[in-house]
Amino acid sequence: MKTDRPAGHPQRFYTVAEAAQLLRTCDMTLYRSIRAGEFPAIRIRGRYVVPAKAIDAIEAGALTNGLVDVADYCTRSVA
C-alpha cells in the first residue's frame, strides 16, 4: 500500500479498500458489514474510514480467543 504520510507518523485510519486488503476480503463485503453495523468504522459524510486500532483489537482478540465474530465484537464494544 502506498501512503503519502510523512516518515514517523503511524497510520491511524485505513480506507475501506485498504482495510479489506489487510483482511483479505472484498471491499464491498466490508462496506456491507460497516453499513449493517457489524464492523467498526467512522463515517464522514459519505466516506468511511476504519480506525487502525479497531483492526489491531480484532486481531488481538483472534490471537487470544481463536475466533472473533466482528458483528459480536461491535455490539459488545458499543455496549
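Predicted model: local features only at pLDDT ≥ 70, side-chain atom pairs only at ≥ 80, totals over all residues.
A polar contact here is a pair of N or O atoms within 3.5 Å, where one must be able to donate a hydrogen and the other to accept it. Keep that in mind for Gln11, whose side chain makes such a contact with the side chain of Glu18 at 3.4 Å.

**Gln11**
- You'll find Gln11 in the segment before strand E1 (13-15).
- Its side chain also gets to the backbone oxygen of Phe13, at 3.0 Å.

**Helices H1 and H2**
- Two packed helices are described by the angle between their axes and the distance between the axes.
- For helix H1 (residues 16-23) and helix H2 (residues 27-35), the axes come within 8 Å and cross at roughly 110 degrees.
- Angles of 65 to 115 degrees count as roughly perpendicular, so H1 and H2 are roughly perpendicular to each other.
- The handedness of the H1 and H2 crossing is right-handed.
- On the H1 side, the contact uses Val16, Ala17, Ala19 and Ala20, and they meet Asp27, Leu30, Tyr31 and Ile34 of H2.
- Sorted by class, that contact has seven nonpolar residues, one charged and no polar ones.

**The aromatic pair**
- There's one aromatic pair in the structure.
- The ring centres of Tyr31 and Tyr48 sit 6.2 Å apart with the planes at 70 degrees, so this is an edge-to-face pair.
- Since Tyr31 belongs to helix H2 and Tyr48 to strand E3 (residues 47-51), the pair ties together parts 17 residues apart in sequence.

Technical notes:
Residues numbered from 1 in each chain as written. Heavy atoms only, no water. Helix = DSSP H or I, 4+ residues; strand = E, 2+ residues; numbered from the N terminus. Axes fitted to C-alpha atoms, helices over the stretch in contact; angles between N-to-C directions. Parallel < 35°, antiparallel > 145°, perpendicular 65-115°, else oblique. Left-handed = near helix turned anticlockwise from the far one by under 90°. Contact = heavy atoms within 4.5 Å. Nonpolar A, V, L, I, M, F, W, Y, C, P; charged D, E, K, R; others polar. Phe/Tyr/Trp six-rings, centres within 6.5 Å; stacked < 30°, edge-to-face > 60°.
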